[in-house]
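Here is a short report on a protein model. Look at the sequence and the structure first, then read on.

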Amino acid sequence: MQDANLDPAPAPPRTRVWGLRDIAIVTVVVLLLFLFVPAAIVLPASLLWEQKSDGETTEAANIALAVGNLAWYVTVIVTVLSYVRSKGGTPSDLGLRWPSGAGRDSWGRIIGIAVLTFIAMYAITALYSVIALEILDLDFLEPSEQVPDDFYDHKIALAILGIAVVIGAPFTEELFFRGFLYGGLRTYVSYVLAALLTGFLFSLLHFNVGLVIPFTLIGAILALSYQRSGNLLTPIGAHFFFNFISFMVLAFVPEAR
């Protein structure tokens, strides 16, 4: 019997196009790409453009770092889509499809769920900050900086990084974590457990102890948002606006860094 809250029509299909072995293979490939693709761009750049005498990174080196991140997103997208196609699947199996425009598959419903998801993401962030850092005073759980300070002094590097963070990250991370990982795991475990597991993996990829708890919850919310809407555009949209606002605040409000 379907859960009226988590599995309304049209829910993402419970496809068996890829299984646990496929999930393991693609996850390992994505991790290897994370290690080698940015490095292939950043390491040569670091040899060509050394740090300044005062220890700051040159703009050219920061541009290389931003381009490296963007290149990783592109390779992950190509990897996931190519692998799913090799198994006989289509982008639709990953939740990538254009809404029909009617009923439960309407743009209005998808946008509405995306807005609620976005609000939930910021609510989790705010609650975590208040409970963990102010009430419980657990300073070791305070997230470390995600963007080096000298990036903000280099406009071209910051612009490229903005494209990677605001556009590349939402599409890539939702495609991999929600479309592929969650889409595969939910055929073996419950929706909630699959959402929490993929949310936890999502948090680990950010390599920041202070983000493990809030990003696990945020990842789970994004997965359940996908489950609720039946379309990957919903979590992509919520993720896009979350990253966009966060990045703009960091870029233009120095006190927030």
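## The second largest pocket

Helix H3 gives the most to the lining of the second largest pocket, with 6 residues. This is a predicted model. H3 and H7 each supply at least two residues of that lining. The pocket has a volume of about 220 Å³.

Which residues line the second largest pocket? They are Trp-98, Trp-107, Ile-110, Ile-111, Ala-114, Val-115, Phe-118, Leu-233, Gly-237, Ala-238 and Phe-241. By class, 10 are nonpolar and 1 is polar. No charged residue takes part in this lining.

## The largest pocket

The largest pocket has a volume of about 1,600 Å³. Its lining counts 45 residues. Closest to the centre are Gln-146, Val-147, Leu-211, Phe-215 and Leu-250. Several helices give two or more residues each: H1 (20-48), H2 (59-86), H3 (107-135), H4 (155-185), H6 (212-229) and H7 (233-252).

Which helix supplies the largest share of this lining? That is H7, with 8 residues.

## Met-121 in helix H3

Helix H3 also holds Met-121. Is Met-121 buried or exposed? Its relative accessibility is 1%, so Met-121 counts as buried; the cut-off for buried is under 20%.

Leave aside the neighbours within four places in sequence. Met-121 is then in contact with Ile-218, Leu-222, Ala-238, His-239 and Phe-242. Take Ala-238, which sits 117 residues from Met-121 along the chain. The C-alpha atoms of the two are separated by 8.4 Å. Ala-238 is also one of the residues that line the second largest pocket.

## The nonpolar cores

The largest nonpolar core has 44 residues. Which of its residues touch the most other members? They are Trp-72, Val-80, Phe-176 and Phe-180. H1, H2, H3, H4, H5, H6 and H7 each supply at least two residues of this core. The largest share, 9 residues, comes from H4.

Not counting residues up to four places away in sequence, Phe-176 touches Val-26, Thr-27, Val-30, Val-76, Val-80 and Leu-181. Val-80 is, like Phe-176, among the core residues that touch the most other members.

## Two loop residues

Two residues on either side of helix H5 (191-204) make a contrast. Arg-186 lies in the loop between H4 and H5. Is this arginine buried or exposed? Arg-186 is buried, because its relative accessible area is 1% and buried means under 20%. What does its side chain meet? The side chain of Arg-186 makes a polar contact with the side chain of Gln-227, at 3.1 Å.

Phe-207 sits in the loop between H5 and H6. This phenylalanine has a relative accessible area of 59%, so Phe-207 is exposed; the cut-off for exposed is over 50%. Its backbone stands out too. Phi of Phe-207 is near 50°, a positive value in a residue other than glycine.

Notes. Residues numbered from 1 in each chain as written. Predicted model: local features only at pLDDT ≥ 70, side-chain atom pairs only at ≥ 80, totals over all residues. Heavy atoms only, no water. 1 Å grid on protein atoms, 1.4 Å probe; cavity = no way out; pocket = protein on both sides within 12 Å on 5 of 7 lines; lining within 4 Å. Points joined across faces, edges and corners; volume = space filled by probe spheres on them. Helix = DSSP H or I, 4+ residues; strand = E, 2+ residues; numbered from the N terminus. Nonpolar A, V, L, I, M, F, W, Y, C, P; charged D, E, K, R; others polar. Buried < 20%, exposed > 50% of the residue type's maximum accessible area, 1.4 Å probe, protein only. Contact = heavy atoms within 4.5 Å. Core = buried A, V, L, I, M, F, W, Y, C linked by side-chain atoms within 4.5 Å. Polar contact = N/O pair within 3.5 Å; in protein donor to acceptor, adjacent residues only side chain to side chain.
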